[in-house]
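Work through these exercises with the sequence and the model side by side. Try each task before reading its solution.

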Amino acid sequence: MGMLMLIGLATAVASIVTVVLMLRYPPVSASRLCAVLVLVSGSLAVAVYCYGWFSVLLGGPFPQSCGDGTASDAELVRIEQEAWPLRSACVYADGATVEHVSMSISVLVCLLAGLAIVLACASAVLHRRVRSSPVHLR
């Protein structure tokens, strides 16, 4: 997972540099720009997910962080750790749950992955539109 996170970050940085270079030296094909932006958002989604996975695996609640109990002094029932959605929580007998991994990590992963899907569809539509349009020669 660590290697996947590094590859995701490296791909995102290389894709951002590519977008900057594409915009600096026009003409820019909209379908190619969308395709590179798919790489940016997809690789960032992978990197953020790997970061969240490590926080669940390595920084999740350990018995000492869950042992304090709640305000009602309820006993710890179980520790829940899930890889998808990224969740690390202490569940107490009174029904209280204390999350140790922020929901914003899962939301960010879903937003970046969704953006990658939307951009991939837009790139395909733009590419198909350019291929099907008649070429006008002067």
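**Exercise 1.** In the hairpin of β2 and β3, which residue takes a positive phi?

Some ground rules come before the solution. This is a predicted model: local features need pLDDT of at least 70, side-chain atom pairs count only at pLDDT 80 or more, and totals for chains, interfaces and linings use all residues. Residues are numbered from 1 along each chain as its sequence is written, and side-chain values use heavy atoms, without hydrogens and water.

*Solution.*
- Find the strands, which are DSSP runs of E with at least two residues, numbered from the N terminus.
- β3 covers residues 97-99 and runs antiparallel to β2, with three bridges joining them.
- Two strands count as paired if DSSP finds at least two bridges between them.
- Cysteine 90 has valine 98 in β3 as its bridge partner.
- Four residues lie between the strands of this hairpin, and glycine 95 has the positive phi, near 95°.

**Exercise 2.** Find the strand that pairs with β1 over six bridges.

*Solution.*
- β1 spans residues 76-82 and pairs with β2 in the antiparallel sense.
- Arginine 78 has valine 91 in β2 as its bridge partner.
- The two strands form a hairpin with four residues between them.

**Exercise 3.** Is β2 mostly covered or uncovered?

*Solution.*
- Buried means under 20% relative accessible area, exposed over 50%, and partly exposed in between (1.4 Å probe, protein chains only).
- β2, residues 87-92, is mostly covered, with five of its six residues buried.

**Exercise 4.** Is leucine 6 buried or exposed?

*Solution.*
- Leucine 6 sits in helix α1, residues 2-24; helices are DSSP runs of H or I with at least four residues.
- Leucine 6 is exposed, because its relative accessible area is 53%.
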